Every structure is written in C-alpha cells, then in structure tokens.
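Open the model in your viewer and keep the selection panel at hand. The tour goes stop by stop.

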Amino acid sequence: MTAETGVRVRPVAGHIGAEIDGVDLAEGPDDAAVAAIRQALHRWKVVFFRGQRLDHAGHVALARRFGEPVVSRWRGSASPEGFPEVETTADRLELAGRYGMEREEWLERRRHSHLRGWHCDHGARIDPPAATILRAESVPAYGGDTTWANLAAAYAGLSEPVRRFVDGLRAEHRLGVGYQPRARDDAYLRHLLSHQIATLHPLVRVHPETGERVLFVNGYYLERVAEVSRLESGPLLELLLGQATRPEYTVRFRWEPGDVAFWDNRATMHLAPADTGHLAQPRVMHRVMLHGEVPVGVDGRPSEPIAGPPPGTW
C-alpha cells in the first residue's frame, strides 16, 4: 500500500495478475490512484477490483481516466442504450442465430481447438485496443472463470536463439481464421468474406509505454508467419502458442457480481470460459475498450494493413 493513495496491490500469481483494493471505482480514483493503478497494470498486465458498485456511466468515466473509449458499430441488442462505449458480452449469444446456427454448432466451427479460444481483443485490426475494462453484472454460481496470459513473460522465457529468430518475423492476423464452413449455404462465411479484417503484425511488438518486448500471438486471429513457408509456419506457431499458454505465465480469475478486471490488451491474451453453456445460469458482463495504437516491431517497423478500417475507425 502506498501512503499517498491508500491503494493496495496484491499479486495473485508469479508472472501476471494482481488484486487492487483501497479504491472505490464508482467514486472515481484521483490522479494519484490512477497513477498507481496504471503502474500496477504495467507490472502485472491484468488487475482485479472486487465488489465494486459501477454502473454504465461510472464504467465509462473510469475508462476515460486511462484513455479514449472505443465506440463500436457492432454492438448487439443486449448492450445499453445511451452508452455507446459499453458492450454487453451477452450480445455474443445472439450471433449464432443471426447466421442460422445453434450456438453449439457456431462455437464448434469457430473454436475447433483449445488454442483457438485464446485471443487479444480485436487482434486482427491495424490498431488493436490498448486495454479492456470488464465488469461482472451476473455470474453463475460456479464456472465462468477467465484466464489471462502474460505475453511479455512468455517472450522473456524463450531461449535466446529463439528470441533472436522471432524478433524479425511478421505474422498475418485475420478475422475468421480457421472457421470451418458448412457444406451448404453458410451465412456466417459470407459475413466474414464481406467484412474482412486482416493485418501484418510484428511477431514481437515493443510495448509503447514499458518498452518490453511482447510475443504478439493468439489462437483466434493468427493465420501464419509471413516470412516462412506454411509447412514451417504451423509448427512454429504451435511452439509459440504453447509457450504463451504455459501455466506459469497465466492467471485464472473467479468472478463475483460487481468485480472488475482491467487488462493490458497489448501485453496479454485471454481465454473466455467455455464451461457455462449447460448451466442455464446467466453470465452478463459489460466491457469498455480503449483505443490503441498501431503496433511497432523490434526493427521499428509498424504493422501493415491488409484489409479493414483505418486506425481509429470502428
């Protein structure tokens, strides 16, 4: 705890994750508390606040203390009117029905391997969000945990020859990678093709605030390593994703109503839960994302757009 702020930071795992107390997010942290939270976020990559009393307005106000909230065009009907910055994750339950599939089939076609669930938010964009603030409204009595991985620690944990090798590589991130289309008419495939988003990102990006090198991989958007053959790319990505998801680089969070998680989307990826569909218990979460910048690699080169909106455009 710092005497100046009253903010207490308690790490919960060896490489990632800390609980913060001594601050009421609904009242709005002062400048000193904001600085302490930012410092903890940079060190621990995801920070947790228990039992907060945030509403939509307070959620947006909190986000504005740390950056500019994203206003997305793709919110569904569950998201609140009057707060365009807030996206309710229950919207995702609507998506399968939009494309003529039961949710179980849709998820199976999108996430046909364990690693496919791991992602950073909107990683196929030229400018993925810098951070995400997620708060829990309703959660199941059990299940529904979220897991995060520290991609800076994962990079540092590679052997030095492998770090040198991946430092200069770039990889294609694309919306809909690995989706298994239906044999018959597939409305979701048509949607993917007509709303394509793809970017050539550095495989190792330099964090714009901490200067850390970050292994910029995820299971959901990553198509291939650009400079090697597809035959070589598959095993290489398997190795790097396996490194990034090693248990020692992760933290798992058990939600309660009112809890808030705030993560650095530039230095982490996360795994949404897949163990609640059979429980028939609501899991309603609200998120606000902060605008991010175009990633830059170790060689100083920024990411290159392939398809999708320009930076800052949602």
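Which residues does V217 touch, not counting residues up to four places away in sequence? Select V217: its contacts (heavy atoms within 4.5 Å) are L151, L203, L222, L240, L241, A244 and M269.

Before moving on, note that this is a predicted model, where local features need pLDDT of at least 70, side-chain atom pairs count only at pLDDT 80 or more, and totals for chains, interfaces and linings use all residues. Residues are numbered from 1 along each chain as its sequence is written, and side-chain values use heavy atoms, with hydrogens and water left out.

**The cores**

The largest nonpolar core holds 28 residues. A nonpolar core is a set of buried Ala, Val, Leu, Ile, Met, Phe, Trp, Tyr and Cys residues joined through side-chain atoms within 4.5 Å. Buried means under 20% relative accessible area, exposed over 50%, partly exposed in between (1.4 Å probe, protein chains only). V166, L203, L215, V217, V225, L240 and M269 have the most contacts inside this core. Now colour the elements that give it two or more residues: α5 (151-156), β11 (213-215), β12 (222-225), α8 (230-244) and β15 (268-271). Helices (H or I, at least four residues) and strands (E, at least two) are DSSP runs, numbered from the N terminus. A second, separate core has 26 residues, including V7, L25, A40 and V260.

**The sheet**

Show strands next. Seven of them form an open sheet with mixed pairing, in the order β1-β2-β3-β14-β6-β16-β4. Two strands pair if DSSP finds at least two bridges between them. At the edges, β1 (8-11) and β4 (87-88) each pair on one side only. Zoom in on β1 and β2 (residues 18-21): they are antiparallel, with four bridges. There, R10 stands opposite E19 in β2.

**D186 and its surroundings**

Go to the loop between β8 (170-174) and α7 (187-194), where D186 is found. D186 is buried, at 5% relative accessible area. The D186 side chain reaches the backbone nitrogen of L189 at 3.0 Å. Leaving out residues up to four places away in sequence, D186 touches M101, Y179 and P181.

Y179 is buried, and so is Y188. Select both rings: they form an edge-to-face aromatic pair, 4.9 Å centre to centre with 75° between the planes. Rings of Phe, Tyr and Trp (its six-membered ring) pair if their centres lie within 6.5 Å; planes under 30 degrees apart count as stacked, over 60 as edge-to-face and the rest as tilted.

**Last stop**

Select F48, W148, F253, W255 and W263, which form one aromatic cluster.

Note on methods. A polar contact is a pair of N or O atoms within 3.5 Å; within protein, one must be able to donate a hydrogen and the other to accept it, and residues adjacent in sequence count only if both atoms are side-chain atoms.
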